[in-house]
Amino acid sequence: MSETVRAGRRRIEISHPDKVLFPKARLTKLDLARHYERVAAAMVPLVRDHPVAMHSFPGGVDGPGFFAKDVPEHFPHWIQRVTVPKRGGTLTHVLANDAATLVYLANQNCVTPHIWTSRADRPRDPDRIVFDLDPPGTRFADVRAAARTLGDLLRELRLEPFAMTTGSRGLHVVTPIRRARDYEDVHAFARVVSGALAEHDPRRLTTEVRKAKRDGRIFIDVGRNAYAQHAVAPYAVRPRGTAPVATPLRWEELEDRGLRSDGWTIKTIGKRLDSQDDPWQGFRRAGRSLPRQR
């Protein structure tokens, strides 16, 4: 038995469409595929040309998952890909450049596409910086406040901040940048910014990598800003019981006391997209050069 999902000009056959991937939410592989077809118009412009790491769960999200980076031989020829160097060889990654590719990945049990912060043509030159505000169970109000303060700091540096719920515990603050600096420079810049933010509120914020030394503070993680690292893609589903979705926000939504990191799901994201313009519309055009002086 199979079902077909139309995605752009292609029809993608979904094998075992009734296979339950999210037992708690009673959502199937077909539901996952339809989600990615639904969000593709907003998602593809934000992930186009970025190498993808596929977080897959063949037995559903209650079972073990794994990251797949090399494109399997059985993937169809029309899926775009890029070969990038790694230590001792190369890897060939998917590029999620259209709705059909996102739907096809869902059929391969890829619940969560993660993307590099650089693009395929210049894989060592990132086009964005990701700050992951990772709470240990802290009140989410503190996470929202930290994101707003980080946004103020980035604006002082003439960079434009964008916020996104992760669908997990925290928030991402992402700033698009011009591709004029390599990962070494960008990571160093992100560390300086995160250090300044932590110094501003050392009681609540930390850059301490070791969990044992965070003392219940929010961890400002900049580790994704390095070659071959990746971050959850906007509008990607997370492998959690309610099928939460990493959701781009309007900046003013950070003032909303009801905001949650997992507030939108496969079941509710469509209504949000129907009710407003894309909060990250024009994301790439907002890219600015990093300041030379730190």
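H200 is found in helix α4. Helices here are DSSP runs of H or I with at least four residues, strands are runs of E with at least two, and both are numbered from the N terminus. H200 is exposed, with a relative accessible area of 58%; exposed means over 50%, buried under 20% and partly exposed in between, using a 1.4 Å probe and protein chains only. The C-alpha atoms of H200 and A146 are separated by 9.9 Å, although the two residues are 54 apart along the chain.

Before going on, please note that this is a predicted model, in which local features need pLDDT of at least 70, side-chain atom pairs count only at pLDDT 80 or more, and totals for chains, interfaces and linings use all residues. Residues are numbered from 1 along each chain as its sequence is written, and side-chain values use heavy atoms, with hydrogens and water left out.

Let us step back to the whole chain. The chain has five helices and 18 strands. Its radius of gyration is 19 Å, close to the 19 Å that the globule rule gives for 294 residues, so the chain is as compact as a globular protein of that length. This radius is taken over C-alpha atoms, and the globule rule is 2.2 Å times the number of residues to the power 0.38. Along the principal axes, the C-alpha atoms fill a box of roughly 60 × 40 × 40 Å. Buried residues make up 56% of the 294 residues. Among contacts (heavy atoms within 4.5 Å) between residues at least 6 apart in sequence, 69% join residues at least 24 apart.

Now find the open sheet, where six strands run in the order β15-β16-β12-β14-β13-β18 with mixed pairing. Its edge strands are β15 (205-206) and β18 (247-249), each of which pairs on one side only. Two strands count as paired if DSSP finds at least two bridges between them.

With β14 (residues 171-176), β12 pairs in the antiparallel sense over six bridges; here D132 stands opposite H172, and V130 has V174 as its bridge partner. With β16, β12 pairs in the antiparallel sense over three bridges, and L133 stands opposite I220.

In a regular strand the side chains alternate between the two faces of the sheet. In β12, R128, V130, D132 and D134 point one way while I129, F131 and L133 point the other way, and all are buried.

Helix α4 (residues 183-200) lies across β12, β15 and β16 (218-221), running at about 35° to β12. Such angles run from 0 to 180 degrees between N-to-C directions, with axes as lines fitted to C-alpha atoms, for helices over the stretch in contact. The buried residues of α4 include Y183, F189 and L197, and its buried residues pack against β10 (118-119), β11 (122-126), β12, α3 (140-156), β15 and β16.

How far apart are the end C-alpha atoms of α4? They are 26 Å apart, which agrees with the 26 Å that its 18 residues should span at 1.5 Å a residue. The expected span is 1.5 Å times one less than the number of residues. Helix α1 (residues 29-47) spans only 22 Å between its end C-alpha atoms, whereas a straight helix of 19 residues would span 27 Å. α1 bends by about 75° at A40, the bend being the angle between axes fitted to the seven residues ending there and the seven starting there. After α1 comes D49, whose phi is positive, near 70°.
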